[in-house]
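Reader: I am new to this structure and would like a friendly tour. Could you show it to me before we talk?

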Amino acid sequence: MKQVATGLAIGHVLDPALATEAVGKAMQQLEITTANAVILFLTSEFASDPLPAIRAAAKAASCTQVIGCSAPGIFTQEDWVLDAPAVAAMVFSRNISLQALANTNNEANIFILALTAPNAINANWITAAGQRFGGVSGDVIGQGPFSVWQNAKGVAEGHTQTLINGVRIEVGTSHGLHILSEPQLITETNEHDLIQLADQPALSVLEDVYQQYTNQPEETLPLHLLMAVTADTVADIEAGHYQLSTIVSGNEEDASVTLAKMPQTGQYLSWGLREVEAAQVDLKLTAENLVRDLNSEPDFGMLFSCLGRGPYFYDGIDRDLAVLKQRFPDMPLIGFYGNGEIAPINGVNELLQYSAVLALFAVQR
């Protein structure tokens with residue numbers, strides 16, 4: 001018997017009734033009149049005043065356990081929505097419930113759904129105990145009135161953390177990168193500037209790597225697609241357990257490369273390139289690994305995707321959703337496009353960029 005279902009409602013004008021419609025669709029599939037809990041994602045049109053839609057969702061579900069956030073784009077397994085008023089709802093029944101956490105004093109091995117507005121991100125919250133997965137509700141520039149809620153009302157601190165009871169959970173990350181180079185030791189840095197890799201000027205190394213890849217000696221570096229991949233060991237990079245950083249600039253005057261995240265001398269670095277084909281292959285592999293670790297087919301899933309990776313990356317089609325719908329054709333799925341993804345990597349909760357965080361759930365029976 002199904003215990004989870006989703007509903008998606010899309011409108012031409014901002015209307016809280018869309019929340020009623022989305023929750024109602026999910027309730028109808030479950031054949032229930034009272035839900036245990038609802039995950040509710042609203043498009044950014046609702047962000048300045050989400051409460052009427054939240055209340056409508058709570059009324060339709062006959063419960064007050066409604067958590068979620070606004071985001072530039074939302075989706076279910078049915079479809080994705082950008083630039084239009086829309087509501088996505090995932091409704092839980094029977095043995096599955098949500099438990100909002102008031103503090104961060106949790107065991108390290110517990111998976112916690114973590115949602116935050118851009119202005120509420122802080123390192124202590126992200127790296128607190130528990131394996132956190134979720135996303136940042138803001139757009140690419142992190143501006144706008146994005147909001148987060150739990151217990152059917154907004155939260156002043158701007159972030160929420162929730163346990164999902166009655167399920168087994170596995171979480172994985174797809175970076176969608178084609179790794180261009182072998183890991184090299186970072187031998188000199190200056191704050192955000194990467195000065196030398198393996199005692200060679202960092203910009204020269206990057207230019208050589210990219211030109212060898214393209215076989216075009218005069219090819220201009222596409223800095224918006226290139227990424228720095230770093231980890232403490234070569235093995236971590238090879239296993240995909242690494243941190244990502246965007247490239248801010250290549251500095252001709254001293255042949256350094258400025259990274260968004262501060263590089264550390266003694267770490268290892270590879271260069272990566274965001275590619276459509278690599279992203280889909282990576283997501284397929286991530287999904288299969290999660291099914292293996294879950295030791296069963298999932299009953300439902302959540303996906304938190306970078307706004308720069310969804311339809312904008314795939315020329316108007318969300319190929320990540322297509323991959324998941326093909327692999328799990330009957331699986332309820334919900335998620336949103338944000339400007340940061342949260343996932344545990346090597347036991348540390350990380351704030352990611354240009355990634356897709358996939359969580360798969362199996363109902364405990």
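Reader: Thanks! What is the volume of the largest pocket?

Author: This is a predicted model, in which local features need pLDDT of at least 70 and side-chain atom pairs count only at pLDDT 80 or more, while totals for chains, interfaces and linings use all residues. Residues are numbered from 1 along each chain as its sequence is written, and side-chain values use heavy atoms, leaving out hydrogens and water. A pocket here is an open set of points on a 1 Å grid over the protein atoms alone where a 1.4 Å probe fits, with protein on both sides within 12 Å along at least five of seven lines; points are joined across faces, edges and corners, and the volume is the space filled by probe spheres set on them. For the largest pocket that gives about 720 Å³.

Reader: Which element supplies the largest share of its lining?

Author: Lining residues have an atom within 4 Å of a point, and the largest pocket has 28 of them, with Thr-173, Ala-239, Gly-240, His-241 and Thr-286 nearest its centre. Helices (H or I, at least four residues) and strands (E, at least two) are DSSP runs numbered from the N terminus. Strand 13 (167-174), strand 14 (177-179), helix 5 (234-238), helix 6 (276-294) and strand 24 (341-345) each give at least two lining residues. The largest share, nine residues, comes from helix 6.

Reader: Why is one side of strand 5 and of strand 13 left without a neighbour in the sheet?

Author: Two strands pair if DSSP finds at least two bridges between them, and an open sheet of six strands with mixed pairing has the order 5-4-23-22-26-13. One side of strand 5 (80-82) and of strand 13 has no neighbour in the sheet because these strands stand at the edges, each with a single partner strand.

Reader: Which strands does helix 6 touch when it packs on that sheet?

Author: Contact means heavy atoms within 4.5 Å. Angles run from 0 to 180 degrees between N-to-C directions, with axes fitted to C-alpha atoms, for helices over the stretch in contact. The direction of helix 6 makes about 155° with that of strand 13. The strands touched by helix 6 are strand 13 and strand 26.

Reader: Which residue of strand 26 stands opposite Phe-304?

Author: Strand 22 (residues 300-306) and strand 26 (residues 356-363) run antiparallel and are joined by six bridges. Opposite Phe-304 stands Val-357.

Reader: How many bridges join strand 7 to strand 12?

Author: Strand 7 runs antiparallel to strand 12 (residues 159-165). Ala-100 stands opposite Thr-162 in strand 12. The number of bridges joining the two strands is four.
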